[in-house]
Each structure stands twice: as C-alpha cells, then as structure tokens.
Amino acid sequence: KFEFNPKVGIDNPALSLAEDTDGEGMGEPRFYLLSKGSAETFGFCLHEELGCQGHIVRQVELGGLAQRRGMQDGDRLLQVNGHFVDDMDHCRVVQKIKASGNHVLLAVLDGDSYRAAKALGRDLSQMLPADIRPRLCHIVQDRSSFGFSVSGPEGTKGTFQLSVQQGGPAERAGVPPGSWLLELNGASVRSYSQAQLTRKVCVLLTGTAEWGPGLAMSLNTLFLIQLKQSGSKVTLLVASSAVEEFYRLRGLQVTAAMADTSWLPFMARELHLVKGPAGYGFLLKEDECISGATGQFLCDVDAGLPAQQAGMKEGDRLVAVNGENIEGLDHHQTVLRIRAHDEHVTLLVIDPAGDRFYHSVGLGGTEWSGT
C-alpha cells in the first residue's frame with residue numbers, strides 16, 4: 001500500500017523514478033557506413049552476454065575502422081543494412097554482417113539509452129526509419145519506352161530526378177515516382193553537372209566534346225539516347241526523396257552495395273544439403289571470376305545426389321558457406337568451411353548469367369543476395 005503526500009510525492013522511490021522518466025535525454029540511434037578492404041576487418045566484435053540484453057559491440061579496435069567512424073564499446077546493434085536485428089538470433093546477426101562483404105550499414109544505440117528504452121517497454125524498431133535502402137531496378141523497354149524521363153537543375157552536380165510514367169516499365173520495375181538517379185548501368189552520375197553529363201554523352205555518341213550545328217539536346221533526350229545504346233534493358237540505382245535526405249543529413253554516400261535488390265531479375269540461391277551415403281555429390285574447383293579475381297565454382301554435379309536435389313547447377317559460383325562470405329578465401333579454406341559440419345551444409349550460389357549481370361552493375365559477393 002502506497003500513500004500519497006502532496007509535498008513529498010509517492011513514497012516508493014523506484015515507482016517515482018519510473019513515473020518521472022519520459023525518455024527525454026535518451027540518445028538517438030547512430031548510423032555508420034563501414035567500408036573495408038578484403039584483407040581488413042570492420043574493427044569490432046559482437047557479443048551476446050549473460051544477464052544483458054541485445055547484441056553488444058565489444059573489442060572496438062584502437063584506430064580501427066569502427067572506432068574511426070565513432071562506434072563505442074557497449075553500443076547495442078539495432079540494424080544491419082536496413083534490417084532490424086534486435087529481436088533476431090545472435091548467430092544470425094553475425095552471419096548478416098559477414099554476408100555483407102566489404103560494406104555494411106549499421107545502426108546502433110548507446111548502452112544507457114538501450115537499457116532505458118527497454119525499461120520503458122519502448123519498441124526500438126520505431127526509433128528507426130522504416131526504409132533507408134535505395135533500390136536497384138532493372139527496366140525492360142516496352143514499345144520503345146522505358147517509362148521515365150529525367151531532369152536536373154543547371155549548375156548542380158549529380159542532381160537528376162526521375163518522372164515515372166504510371167503503369168509503365170519503370171514503375172513495374174520498382175522505380176518510385178520522383179526518385180533520384182544515382183547510377184546508370186553501374187556508372188555513378190553523382191559527380192556530373194548537367195553540362196558535364198552532356199559532354200560525357202556527346203563524346204560517347206560523336207567522339208568529340210562538342211555537338212555539331214543543330215545537335216543541341218535536352219538532358220532527357222541525351223539520357224534516352226544513352227539508354228538506346230544500352231539496348232532494350234537498363235539498370236538504375238535510385239533513391240526516393242526520403243532515402244536521399246536520410247543519407248545526405250548524415251553525410252553518408254549511397255552505394256549499390258546497400259540497395260534493395262528484390263526488384264532485380266537475378267537472385268542468389270540458398271541450397272540446403274544433407275550428406276547422403278555417397279556424399280554431397282559435387283566437386284569444387286578454383287577458377288577466375290568475371291571480375292578477374294579468383295573464385296570457387298561448383299562442377300561435376302551428380303544426378304540424383306543431394307547437391308542436384310537441392311538445385312545446384314553446373315557452373316554455379318559459390319558465394320557463401322553457412323551464411324559466411326567466402327570471397328577472398330582460397331580453395332583449401334573454402335573446403336574446410338564446407339566440411340565444418342559433417343552431415344549438412346548451406347551454400348549460397350549464383351549462376352553464370354546472374355554473375356555477369358551483377359558484375360555489370362558493380363556488385364558482387366552477398367551484397368546483392370538479401371542474406
């Protein structure tokens with residue numbers, strides 16, 4: 001039984017503290033885009049600790065990438081590449097970071113704010129923007145039209161906005177109305193002013209930096225011509241106004257590595273294999289990738305054995321083993337990953353056509369896999 005005294009308040013200090021706490025002063029989530037070399041690490045570890053909630057950032061390497069960006073020991077990881085992970089199994093979160101390859105976008109909250117939010121029963125997902133990923137959209141021409149036009153103000157670099165035809169190819173390919181163009185067929189347009197882009201396309205089409213008499217063209221006309229050079233298909237990296245503003249306000253550069261790829265025509269395939277009496281039924285060979293790097297390829301897929309039954313195809317390139325990106329590993333290291341579990345393994349693979357497509361738009365590894 002608690003008695004209320006108007007001068008003193010409720011005589012239960014714990015209850016008084018909870019009543020007075022309204023979240024003011026609580027920190028906001030912080031966003032970090034970490035980009036590393038293939039031989040580097042992100043410079044931190046992620047822990048799951050007894051008696052503590054959340055995925056805890058620990059062992060922040062002195063002078064490492066994470067520390068240079070501002071991550072701190074004790075931060076709680078909330079989001080990986082736009083996916084909310086606080087309610088996710090710890091091993092799965094670690095796999096998502098590893099599967100990101102050399103680029104990952106993280107959202108973290110400091111430890112004190114995290115504990116306060118949990119004590120108040122806050123929904124942490126509501127502290128984060130709903131969708132912060134740009135989109136990669138592959139547009140197939142329909143009756144001589146791609147279903148969009150492009151415009152940009154004079155004197156401003158990299159500012160090209162798209163008008164999307166309702167029901168047209170661009171809208172069907174997932175391009176949001178009024179979105180901003182960032183890349184065209186894997187080439188960035190962000191460093192170009194309208195005049196520079198005009199000269200770039202002029203050189204592409206005429207071999208000179210000047211249009212001849214009567215050849216002055218609008219920016220949209222130039223893009224239409226460039227698209228025709230691409231054939232009947234084009235891949236755009238676009239960001240809605242809200243997404244573009246999100247990155248701009250935080251000083252982060254939008255890259256294809258963090259894009260939503262669910263609109264693209266090719267997807268990596270996850271194969272779940274359970275070893276049979278004759279093994280998995282495939283061989284692994286090391287060969288040169290489209291990018292020129294060394295990769296691991298699947299071959300000699302035996303009919304009727306687990307690999308074929310799981311959907312493996314001759315020539316598939318292996319991207320990840322049990323959720324861990326294997327790009328950069330040699331043949332022996334990859335085989336050890338596969339053999340780490342005696343009776344089963346999960347492989348992420350991409351077929352040759354998909355591999356060529358993603359290479360053409362500047363992506364590789366599991367950046368496009370949605371893992």
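Tyr-247 is buried in this predicted model, because its relative accessibility of 1% falls under the 20% that marks the limit for burial. Phe-246 is likewise buried, with a relative accessible area of 7%. The rings of these two residues, Phe-246 and Tyr-247, form an edge-to-face pair, since their centres lie 5.2 Å apart and their planes meet at 85 degrees, an angle over the 60 degrees that this arrangement requires. Together with Phe-31, Phe-246 and Tyr-247 make up one aromatic cluster.

A search of the whole structure finds five aromatic pairs. Among them is the pair of Phe-357 and Tyr-358, which is edge-to-face, with 5.3 Å from centre to centre and 80 degrees between the planes; both Phe-357 and Tyr-358 are buried. An aromatic ring also takes part in an arrangement with a charge, for the charged end of Lys-36 sits over the ring of Phe-42, at 5.3 Å from the centre of that ring.

Another lysine, Lys-275, is found in the loop that runs between strand E15 (269-274) and strand E16 (283-288). Lys-275 counts as partly exposed because its relative accessibility is 33%, a value between the limits of 20% and 50%. Beyond its neighbours within four places in sequence, Lys-275 is in contact with Tyr-280, Pro-306, Asp-342 and Glu-343. One of these residues, Glu-343, is 68 residues from Lys-275 in sequence, yet the C-alpha atoms of the two are 5.1 Å apart in space. As for Asp-342, its backbone oxygen lies 2.9 Å from a polar atom of the Lys-275 side chain.

Methods: Residues are numbered from 1 along each chain as its sequence is written. This is a predicted model: local features need pLDDT of at least 70, side-chain atom pairs count only at pLDDT 80 or more; totals for chains, interfaces and linings use all residues. Side-chain values use heavy atoms; hydrogens and water are left out. Helices (H or I, at least four residues) and strands (E, at least two) are DSSP runs, numbered from the N terminus. Buried means under 20% relative accessible area, exposed over 50%, partly exposed in between (1.4 Å probe, protein chains only). Contact means heavy atoms within 4.5 Å. A polar contact is a pair of N or O atoms within 3.5 Å; within protein, one must be able to donate a hydrogen and the other to accept it, and residues adjacent in sequence count only if both atoms are side-chain atoms. Rings of Phe, Tyr and Trp (its six-membered ring) pair if their centres lie within 6.5 Å; planes under 30 degrees apart count as stacked, over 60 as edge-to-face and the rest as tilted. A charge sits over a ring if NZ of Lys or CZ of Arg is within 6 Å of the ring centre and within 35 degrees of the ring normal.
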